[in-house]
Amino acid sequence: MQKTETFQLDATDLRLLDLLQQDASLSQQALAAKVHVSPPTCLRRVQRLRALGLIERQVAILAPERLAALQGHGLACIVEVSLERQGAEQLDAFEARAVAEECVQQCWRVAPGPDFILVVHTRDMPSYQALAQRLFTSDANVRNVRAFFATRRAKFDTRLPLAVEDGR
């Protein structure tokens with residue numbers, strides 16, 4: 001959602017956004033206490049931040065290594081994709097196909113270099129190969145694909161850096 005209106009964020013708004021990025025399950029009372037406002041004021045501010053489109057959604061972030069112990073090892077990879085023709089129609093068509101794939105967690109259109117960077121999570125190598133067949137091999141416009149398979153995740157964070165005054 002993109003809003004065209006202009007708005008200002010104060011230190012309380014930024015602190016709320018930062019706290020929600022860390023733990024969106026905090027109650028309104030806990031959030032209010034951390035930003036030193038009343039719970040009704042906190043609720044109104046969070047509702048405003050949602051209405052402005054600054055909060056897209058709230059999700060649970062799963063631990064892939066713990067989940068892998070229950071469901072199989074899992075396979076994470078970063079894939080560079082270059083297209084033969086980079087017209088708007090061809091770029092849009094590949095992007096639509098990529099984002100429709102459940103195992104594509106992120107799809108970035110980039111420049112210079114490849115046309116797309118995909119972050120992919122599949123159950124195993126056969127699942128990745130099936131994705132590659134659907135998304136890359138069967139598309140005559142895909143010129144080059146380079147996949148980098150993750151051997152270890154050193155850092156993962158979903159937080160955006162905000163100018164928050166709290167001593168950090």
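**Close-up 1. Surroundings of phenylalanine 136 in the predicted model**. When residues up to four places away in sequence are not counted, phenylalanine 136 touches Val79, Val81, Phe94, Leu118, Tyr128, Leu131, Val142 and Val145.

**Close-up 2. The largest nonpolar core and a second, separate one**. The largest nonpolar core holds 19 residues, and the members that touch the most others are Val81, Phe94, Leu118 and Phe136. Two or more residues of this core are given by each of the elements β1 (75-83), α5 (88-100), β3 (116-122) and α6 (125-137). Apart from this core there is a second, separate one of 11 residues, which includes Leu16, Leu31, Leu49 and Ile55.

**Close-up 3. Cysteine 107 in strand β2**. With neighbours within four places in sequence left aside, cysteine 107 is in contact with Glu95, Ala98, Val99, Phe116, Ile117 and Leu118. Between the C-alpha atoms of cysteine 107 and aspartate 124, which are 17 residues apart along the chain, the separation is 20 Å.

**Close-up 4. A nonpolar patch on the surface, with isoleucine 61 among its residues**. The patch is formed by Val59, Ile61 and Phe156, which together have about 300 Å² of accessible area. Isoleucine 61 is found in the loop that runs between α3 (39-51) and α4 (64-71), and this residue counts as exposed because its relative accessibility is 52%, where exposed requires a value over 50%.

Methods:
Residues numbered from 1 in each chain as written. Predicted model: local features only at pLDDT ≥ 70, side-chain atom pairs only at ≥ 80, totals over all residues. Heavy atoms only, no water. Core = buried A, V, L, I, M, F, W, Y, C linked by side-chain atoms within 4.5 Å. Buried < 20%, exposed > 50% of the residue type's maximum accessible area, 1.4 Å probe, protein only. Helix = DSSP H or I, 4+ residues; strand = E, 2+ residues; numbered from the N terminus. Contact = heavy atoms within 4.5 Å. Patch = residues over 30% accessible without salt bridge, like charges linked within 9 Å, V, L, I, M, F, W, Y side chains within 5 Å. Areas by Shrake-Rupley, 256 points an atom, 1.4 Å probe, with all protein chains shown as cover. Salt bridge = Lys/Arg side-chain N within 4 Å of Asp/Glu carboxyl O.
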